[in-house]
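Student: Please take a close look at the charge pairing in this model. Then set it against the rest of the fold.

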Amino acid sequence: MRELIERYLAAYNRFDVDGMVATMHREVVFENYTAGVLSVRTFGVDELQHLAQSSSFLFSARRQVILAYEERDGTATAHILFDGTFAVDLPNGVRAGQSITLNGRSEFRQRDGLLVYIGDYSE
């Protein structure tokens, strides 16, 4: 599963939505948790593709790097370092050109050789 996850992250880092989608099962579920609270959930590859396309304008550069990785009971957990530079001003006061660095983890499951679950967790 690690090779599949690395392909997904490489496409993410390149802003390659088609490359990201190529790693996903048509029934993929994506969830994003911030400080333990679910902030986004998509069902199916079309919803996730729409989310990826509509949010890619937020960053002029972004990168996810795997710091640690383990697989257990069909779930892969990757401890991730995320850094990015905002491309636009946001309503919360973040300005274009500002950078962000976060540590988090992502959980993955696969079905039929494709990612069927992606859960991102950050503080």
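Tutor: Start with glutamate 107 and arginine 105, whose side chains meet in a salt bridge, N to O 3.4 Å. The term requires a side-chain nitrogen of Lys or Arg within 4 Å of a carboxyl oxygen of Asp or Glu. Arginine 105 is partly exposed, at 32% relative accessibility. Here buried means under 20% relative accessible area, exposed means over 50%, and partly exposed lies in between (1.4 Å probe, protein chains only). Salt bridges with shared partners join Arg26, Glu27 and Arg111 into one network. The model is predicted: local features need pLDDT of at least 70, side-chain atom pairs count only at pLDDT 80 or more, and totals for chains, interfaces and linings use all residues. Residues are numbered from 1 along each chain as its sequence is written, and side-chain values use heavy atoms, with hydrogens and water left out.

Glutamate 27 is partly exposed at 37% relative accessible area. Arginine 26 is exposed, at 61%. Elsewhere, glutamate 70 and arginine 72 form a salt bridge at 2.9 Å, N to O. Glutamate 70 is partly exposed at 36%, and arginine 72 counts as exposed at 55%. In total there are 10 salt bridges by this rule.

Now the setting. The chain has three helices and six strands, taken as DSSP runs numbered from the N terminus (helices: H or I, at least four residues; strands: E, at least two). Their order along the sequence is α-α-β-β-α-β-β-β-β. The radius of gyration is 14 Å, close to the 14 Å that the globule rule gives for 123 residues, so the chain is as compact as a globular protein of that length. That radius is taken over C-alpha atoms, and the rule is 2.2 Å times the number of residues to the power 0.38. Buried residues make up 40% of the 123.

Inside, the largest nonpolar core has 28 residues, and those with the most contacts within it include Ile5, Tyr8, Met20 and Phe108. Such a core is a set of buried Ala, Val, Leu, Ile, Met, Phe, Trp, Tyr and Cys residues joined through side-chain atoms within 4.5 Å. Helix H1 gives the largest share of this core, six residues. In soluble globular proteins, nonpolar side chains tend to be buried together.

Tyrosine 8 sits in H1 (residues 2–13) and is buried, at 5% relative accessible area. Beyond four places in sequence, tyrosine 8 touches Met20, Thr23, Met24, Phe108, Leu115 and Ile118; contact means heavy atoms within 4.5 Å. The C-alpha atoms of tyrosine 8 and threonine 23 are 6.0 Å apart, across 15 residues of chain.

Val45, Leu48 and Ala52 are buried. They cover an arc of only 70° around the axis, which puts them on the same side of H3; the arc is that of the directions from the helix axis to the C-beta atoms. Their cover includes H2, S1, strand S2 (37–43) and S6. The face turned away from the buried side carries exposed Asp46 and His50.
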